[in-house]
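The following explanation leads through a pocket and its lining, and then turns to pairs of aromatic rings. Please keep the sequence and the model in view while reading.

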Amino acid sequence: MMFGQFFRNASSRCALARAMSTEAASAHRPPLDLHGLHARYANATYVAASKGSMLDKVENELAAIKLTAAKSPAFRSFLENPLISRDDKEKGVEEMFKGKVSNVTLNLMMTLAGNARLSEAPKIADTYSQLMKAKRGEVEATIISADPLTKAQVSAIEAAMKSQVGKNKSVVLSAKVDPAILGGLQVQIGDQFLDLSVGSKIDSISRTAV
């Protein structure tokens with residue numbers, strides 16, 4: 001009986017350990033189920049940053065790397081040039097970033113250099129940002145109008161959108177002007193697109209007339 005009790009206790013401890021391990025893993029799981037090359041690196045970076053309690057810090061660092069790549073031809077060339085060997089790129093990354101960014105960001109950039117994927121860094125930064133927006137409950141929305149909207153109009157549209165995205169979520173709204181739509185609005189909320197433009201209505205009428 002003593003052995004039976006021992007094994008039952010051991011089994012209970014193992015089950016508890018597995019449950020705690022599963023719970024801990026789920027706490028760091030990315031909020032979106034994304035796939036593909038950029039998602040693979042972004043997901044791994046998100047998990048590492050979450051475990052290190054530096055999700056926001058890594059987001060800011062990756063955004064800075066993306067911005068530097070856009071503004072600096074020399075840095076962009078370093079990322080994209082296939083003639084630079086992997087070893088030289090690893091050395092360059094270490095010289096540029098060690099001691100200046102978190103270990104999570106440094107490890108990502110070193111891994112990309114070793115895998116000849118440094119050119120993908122800006123897109124990986126975008127994917128990581130997508131994960132962070134989902135974590136914060138942010139829903140991106142874009143309004144396209146033929147003429148610039150007033151602040152009051154933008155506020156009214158934003159309020160209407162908030163009622164559609166659900167509780168615990170916020171709308172991150174951007175407005176664009178496109179005279180080609182003639183009038184009305186085109187609205188993009190997440191992956192949903194609504195075309196209320198005059199141009200769209202004219203096209204619809206034209207197709208019906210034909």
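**The pocket and the aromatic pairs**

In this predicted model, the largest pocket is lined by 13 residues. Those nearest its centre are Leu32, Gln130, Ala134, Glu138 and Val139. The volume of this pocket is about 340 Å³.

Which elements supply the lining? Helix 7, spanning 121-135, and strand 1, spanning 138-145, each provide at least two residues of the lining of the largest pocket. Helix 7 gives the most, with five residues. Sorted by class, the lining of the largest pocket comprises five charged, four polar and four nonpolar residues.

The second topic is the aromatic rings. A pair of such rings is described by the distance of the centres and the angle of the planes. The structure holds two aromatic pairs. In one of them, the ring centres of Tyr46 and Tyr128 are 6.3 Å apart. The planes of these two rings stand at 50 degrees, and the pair therefore counts as tilted, since the tilted class runs between the stacked limit of 30 degrees and the edge-to-face limit of 60. The pair links distant parts of the chain, with Tyr46 in helix 2 (residues 37-51) and Tyr128 in helix 7, 82 residues apart. Both Tyr46 and Tyr128 are buried.

Phe75 and Phe97 also form an aromatic pair, with 6.3 Å from centre to centre. Their planes lie at 70 degrees to each other, and the pair is edge-to-face. Here, too, distant parts of the chain are linked: Phe75 belongs to helix 4 (residues 73-80) and Phe97 to helix 5 (residues 86-97), 22 residues apart. Phe75 and Phe97 are both buried.

Terms used:
Residues numbered from 1 in each chain as written. Predicted model: local features only at pLDDT ≥ 70, side-chain atom pairs only at ≥ 80, totals over all residues. Heavy atoms only, no water. 1 Å grid on protein atoms, 1.4 Å probe; cavity = no way out; pocket = protein on both sides within 12 Å on 5 of 7 lines; lining within 4 Å. Points joined across faces, edges and corners; volume = space filled by probe spheres on them. Helix = DSSP H or I, 4+ residues; strand = E, 2+ residues; numbered from the N terminus. Nonpolar A, V, L, I, M, F, W, Y, C, P; charged D, E, K, R; others polar. Phe/Tyr/Trp six-rings, centres within 6.5 Å; stacked < 30°, edge-to-face > 60°. Buried < 20%, exposed > 50% of the residue type's maximum accessible area, 1.4 Å probe, protein only.
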